[in-house]
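Work through the exercises below with the sequence and the model at hand, and try each task before you read its solution.

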Amino acid sequence: MTIGSKMHHTLASLEGAAADLQTFALDSQDQTAKKMFNDLNRQLEDIVQALKGRVNYVEKQEPQYKMNQDL
């Protein structure tokens with residue numbers, strides 16, 4: 001597995017985790033839990049955006065790592 005495919009795999013996993021946190025927030029009746037899930041989702045979304053930036057940078061520097069998807 002190349003660094004490019006590892007980064008894309010990690011990105012997909014993080015996006016899935018963020019979606020799960022958003023679902024937990026929507027499903028929760030406990031306002032404290034709802035806030036926690038929303039806060040964690042926002043933090044994870046920030047991480048996703050940072051990783052997307054890194055993936056784009058790496059793909060520009062090393063075109064062989066480019067996958068067939070636009071970020």
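**Exercise 1.** Find the aromatic pair in the structure and decide how its rings are arranged.

*Solution.* The structure holds one aromatic pair (ring centres of Phe, Tyr or the six-membered ring of Trp within 6.5 Å; planes under 30 degrees apart are stacked, over 60 edge-to-face, the rest tilted). Phe-24 and Phe-37 form this pair, and with 5.4 Å centre to centre and 55 degrees between the planes it is tilted. Phe-24 lies in helix H1 (residues 3-27) and Phe-37 in helix H2 (residues 31-61), so the pair ties together parts 13 residues apart in sequence; helices here are DSSP runs (H or I) of at least four residues, numbered from the N terminus.

The model is predicted: local features need pLDDT of at least 70 and side-chain atom pairs pLDDT 80 or more, while totals for chains, interfaces and linings use all residues. Residues are numbered from 1 along each chain as its sequence is written, and side-chain values use heavy atoms, without hydrogens and water.

**Exercise 2.** Is Phe-37 buried or exposed?

*Solution.* Phe-37 has a relative accessible area of 19%, and is therefore buried (under 20%; exposed is over 50%, partly exposed in between, with a 1.4 Å probe and protein chains only). Phe-24, at 41%, is partly exposed.

Note on methods:
Helix = DSSP H or I, 4+ residues; strand = E, 2+ residues; numbered from the N terminus.
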